[in-house]
Amino acid sequence: MSGTAAQGPRLRPTLDSIPTYKPGKPASADSYKLSSNENPYEPLPGVLEAAITAAGSFNRYPDMAVSELSAELAARFGVPVEHIATGTGSVGVAQSLLLATAGPGDEVIFAWRSFEAYPIITRIAGATPVPVPLTAGEAHDLDAMLAAITERTRLIFVCNPNNPTGVAIHRAELERFLDAVPADVLVVVDEAYREFLRDEQVPDGVDVYRDRPNVCVLRTFSKAYGLAGLRVGFAIAHEPVATALRKTAVPFGVSRLAQDAAVASLRAEDALMVRVEALVEERTRVAAALAAQGWELADSQANFVWLRLGELTMDFAAACERAGVVVRPFPGEGVRVTIGEVAGNDIFLATAESFRKEL
Ligand SMILES: Cc1ncc(COP(=O)(O)O)c(C=O)c1O
């Protein structure tokens, strides 16, 4: 065997710098999974039925243009259908955005810590991640992000509200930021948790994008709509960007099951939003209980809370696991805990209380 053959196929060196995506740890049968920001409710009956019916034709390729869902979304948001681009979860759309905008030598700015896929998909595109630390208040440091822009910047992620801290950006701050970003840099406002927002000062990205050709909004059916396992998300963007997304997307990425379940979910929005409201009430209850225990919390506008535990992070996560809840630790930084079933939230609160007493 020649030397070259023994080394195996040559892979792109940039892959060596990519951390593997760490999904939330699965829970055992007798514990609660509060590690992936999923919706704890089972599928709505009508939505499940739509998916089951669609399953009857999975010998066929799905509708490549994702036409019914795109039309439904365009009507729902009052935007031209050409401005809608769908994909395999919003992370799939985010990856298409990168393939459409950035390659070797280009830079992508995002807050850090934020959604952990941002640096990964940036590297996959061959571009350079430029992480900008959050403020002491766990928020995006928009001034520092502006200062990080160079001639090589092609894309900026703004995660609103931010995963994993839950902090959201207000209208005036976001608009001032967008006004200062060069028109040839794409700003992606990732609103994966939009439906859980209750702070009225936070703008709807769809309002913000309308008169800004360099702004793209990302949304998902995975969180509030409870379709995480079906993989469907979408972007709302002006035509050149949306068209580019259709070119860079994985062909036939959105299955018929996903499309039909998403359409059924939009039509069952009232019932789904009752569930979202219950989760928001749970968030309020959990945050108040943590504050009463003495924890200092940033205001989370998403379906999770964030405890900055520093060096105690892994001890805390282990204590939760022993008690029967799986949370999401970021070693040395903190723990993100999804708002889930009431019983799971109660176990988390009891664990947080006894952990705090032992500090
Ligand atoms: C901020 C943010 N964006 C995007 C996603 C991706 O979600 P999906 O690909 O399921 O739509 C997530 C998932 O955790 C997220 O937290």
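Asn37 is found in the loop that runs between strand E1 (32-33) and helix H2 (45-55), and its phi is near 55°, a positive value in a residue other than glycine. The model discussed here is predicted. The UniProt record, in an unreviewed entry, lists residues 32-339 for "domain: Aminotransferase class I/classII large". Over residues 32-339 the chain is 39% helix and 18% strand, with the end C-alpha atoms 11 Å apart.

**Ligand surroundings**

- Of the 13 residues around the ligand, those that come nearest are Ser90, Asp190, Tyr193, Thr220 and Ser222.
- By class, the shell around the ligand is made up of five nonpolar, five polar and three charged residues, and its largest share, three residues, comes from helix H4 (residues 89-101).
- On the nitrogen side, a polar side-chain atom of Asp190 lies 2.7 Å from a nitrogen atom of the ligand.
- Of the 390 Å² of accessible area that the ligand has on its own, the protein covers 93%.

**The seven-stranded sheet**

- Seven strands form an open sheet with mixed pairing, in the order E2-E8-E7-E6-E5-E3-E4.
- Strand E2 (84-87) and strand E4 (128-133) stand at the edges, and each has a single partner strand, so one side of each is left without a neighbour in the sheet.
- On average, and with direction ignored, neighbouring strands of this sheet are turned by 25° against each other.
- Within the sheet, strand E6 (residues 186-190) pairs with strand E7 (residues 215-220) in the parallel sense over four bridges, and Val188 stands opposite Cys216 in E7.

**Backbone geometry to note**

- Most residues other than glycine have a negative phi, and most peptide bonds are trans; the positive phi of Asn37, near 55°, can be read against that background, as can the two peptide bonds below.
- The peptide bond from Trp112 to Arg113 is cis, with omega near 10°, and Arg113 lies in the loop between strand E3 (107-112) and helix H5 (117-124).
- The peptide bond from Asn160 to Pro161 is also cis, with omega near 0°, and Pro161 is placed in the loop between strand E5 (153-159) and helix H7 (171-180).

Definitions and conventions. Residues are numbered from 1 along each chain as its sequence is written. This is a predicted model: local features need pLDDT of at least 70, side-chain atom pairs count only at pLDDT 80 or more; totals for chains, interfaces and linings use all residues. Side-chain values use heavy atoms; hydrogens and water are left out. A residue is near a molecule or strand if one of its heavy atoms lies within 4 Å of it. A polar contact is a pair of N or O atoms within 3.5 Å; within protein, one must be able to donate a hydrogen and the other to accept it, and residues adjacent in sequence count only if both atoms are side-chain atoms. Accessible areas come from the Shrake-Rupley method with a 1.4 Å probe; for residues, only the protein chains shown count as cover. Helices (H or I, at least four residues) and strands (E, at least two) are DSSP runs, numbered from the N terminus. Ala, Val, Leu, Ile, Met, Phe, Trp, Tyr, Cys and Pro count as nonpolar, Asp, Glu, Lys and Arg as charged, and the others, Gly among them, as polar. UniProt positions are given in the numbering used here, feature names are shortened, and annotations may be inferred rather than shown by experiment. Two strands pair if DSSP finds at least two bridges between them. Axes are lines fitted to C-alpha atoms, for helices over the stretch in contact, and angles run from 0 to 180 degrees between N-to-C directions.
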